[in-house]
Amino acid sequence: IGYLVLYSCGAIYIAGAVGSVHRYRKSLEKYDFIHFTGIVIAMVISIILQRNSPYVRVMCFAVAMSCMDLSFYIQRPEDLYYPDLRVFNFRGFKMIVDYLFTIKKKFYVISIVMDDASFYESALGKKERENLEACIISGLKQKFKNHCSIFKSNYGHYEVIIRDYKGVNLAKSIEYIKAQIGLRWGFSSIDLDLSFRLCSMESYNDVNSISEITDLIDYFSINKNFKAKYLQANSLDLSKLHSKSYLERAIYDGLKYNRFEVYYQPLYSAIDHKLSGAEALLRLRDNEGNFVSPEDFIPIAEQNGTIFEIGKFVFESVCKTLSEIKLEDYQ
């Protein structure tokens, strides 16, 4: 009877593990899926071996190894959380949003951006800076106690997830945030007139995936052309957003998978009637093999800093070409 109970518990455990992996397979990375699948397979094999060799502690060894493996794999709370502020970071934000999409639950996201945050971060002393941020987050927590979560992306940039889609009035929530962050902040002998911008988005209406949400947040927070204090996602020109997101992916993938190419345009001297040199022209292909115009991707590369890596690639490519060809053959 003892063995029967033991194997029954093992079967229930494996069935639950398989069910969980299957349910959340869309939100798992390929490596994660393979990782968890491997653990389940190892447990099944250990049960079979244990059944055939009852005096060998195969199953105990497999359980111990699985627990050790998971202890290395499972994230530490501090990887997702700011313990001093008691709020999740942006990594935690993405995990929770991804989970909400997996279970198909409707929710709101409110992105809050403090203008000139980098200036205040460097200008204020450490204590004043921490006090200011603690007061902002405390004010948000007073309103959003239940069915809501507060997140900090970086200094002066926060997100609120409202999970109670029907029980929370979005308009009143926005008005509360605007009133709360519109206060005149004072610490010691310093009075600050802080300026904030808000953007709200609704799942399955404005956004349909975690990537769309992160792209929209980046687009809104970086682009200071949005002078309005409050914007809804459906009022933004999302065609520019998707274009910028596409170009950034093309650039990063181009650097990672060697999709940049250098072409040489001959320079012909009308006076000497011969080639006087060549101009190195950079070209990029996306993941479908289509050319991306330099007029489109160069400004984006200059904004996100990848222009330095691209410049290094062009320089090394030209040097390699010069070392491989005979210039005399081209006069």
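**Figure 1. Strands E4 and E5 are joined as an antiparallel pair.** Six bridges connect strand E4 (residues 148-154) with strand E5 (residues 157-162), and the two strands run antiparallel. Within this pair, Phe151 has Glu159 of E5 as its bridge partner. Cys148 has a relative accessibility of 11% and therefore counts as buried, the limit being under 20%. The view is taken from a predicted model.

**Figure 2. The pair E4 and E5 belongs to an open, mixed sheet of seven strands.** The order of the strands is E1-E2-E4-E5-E3-E8-E9, and their pairing is mixed. Strand E1 (81-82) and strand E9 (230-232) are the edge strands; each has a single partner strand, so one side of each is left without a neighbour in the sheet. In general, the strands of a sheet pair through backbone hydrogen bonds, in either a parallel or an antiparallel manner.

**Figure 3. Strand E3 is bridged to E5 and to E8.** Six bridges join E3 to E5, and these strands run antiparallel. Seven bridges join E3 to E8, again with the strands running antiparallel. Val109 illustrates both pairings: Val109 stands opposite Ile161 in E5, and its bridge partner in E8 is Met201.

**Figure 4. Both faces of strand E3 are covered.** Seven of the seven residues of E3 are buried. Tyr108, Ile110, Ile112 and Met114 lie on one side of the strand, whereas Val109, Ser111 and Val113 lie on the other. In a regular strand, side chains alternate between the two faces of the sheet.

**Figure 5. Helices H4 and H6 lie across strands of the sheet.** Helix H4 (residues 90-102) lies across strand E2 (87-89), strand E3 (108-114), E4 and E5. The angle between H4 and E2 is about 90°. Helix H6 (residues 126-143) lies across E2, E3, E4, E5 and strand E8 (196-202).

**Figure 6. The largest nonpolar core contains 26 residues.** The residues with the most contacts inside this core are Ile110, Ile112, Phe144, Ile150, Val160, Ile162 and Ile177. Two or more residues each are contributed by E3, helix H5 (117-123), H6, E4, E5, helix H7 (170-181) and E8. A second, separate core of 20 residues includes Val109, Met201, Leu216 and Ile217. In soluble globular proteins, nonpolar side chains tend to be buried together.

**Figure 7. Contacts of Ile110 with residues beyond its sequence neighbours.** When neighbours within four places in sequence are set aside, Ile110 is in contact with Tyr158, Glu159, Val160 and Ile162, among others.

**Figure 8. Ser211 of helix H8 and Asp98.** Ser211 is found in helix H8 (residues 210-222). With a relative accessibility of 38%, Ser211 counts as partly exposed. Ser211 and Asp98 are 113 residues apart in sequence, and their C-alpha atoms are 9.3 Å apart in space.

Figure 9. Lys104 is located in the loop between H4 and E3, and its phi is near 60°. Lys104 is exposed, with a relative accessible area of 63%. Tyr204 is located in the loop between E8 and H8, and its phi is about 65°. Tyr204 is partly exposed, with a relative accessible area of 34%. Most residues other than glycine have a negative phi.

**Figure 10. Cysteine residues in a structure with zero disulfides.** The structure holds zero disulfides. Cys148 is buried, at 11% relative accessibility. Cys319 is partly exposed, at 36% relative accessibility.

**Figure 11. Confidence along the predicted chain.** The mean pLDDT of the chain is 80, and 84% of the residues score at least 70. Confidence is lowest in strand E6 (residues 185-187), with a mean of 56. Confidence is highest in helix H11 (residues 307-324), at 94. Where pLDDT is low, the predicted coordinates should not be read in detail. The secondary structure of the chain comprises 11 helices and 12 strands. Of its 331 residues, 34% count as buried.

Definitions and conventions:
Residues are numbered from 1 along each chain as its sequence is written. Side-chain values use heavy atoms; hydrogens and water are left out. Two strands pair if DSSP finds at least two bridges between them. Helices (H or I, at least four residues) and strands (E, at least two) are DSSP runs, numbered from the N terminus. Contact means heavy atoms within 4.5 Å. Axes are lines fitted to C-alpha atoms, for helices over the stretch in contact, and angles run from 0 to 180 degrees between N-to-C directions. pLDDT is the predictor's confidence in each residue, from 0 to 100. A nonpolar core is a set of buried Ala, Val, Leu, Ile, Met, Phe, Trp, Tyr and Cys residues joined through side-chain atoms within 4.5 Å. Buried means under 20% relative accessible area, exposed over 50%, partly exposed in between (1.4 Å probe, protein chains only). A disulfide is a pair of cysteine sulfur atoms within 2.5 Å.
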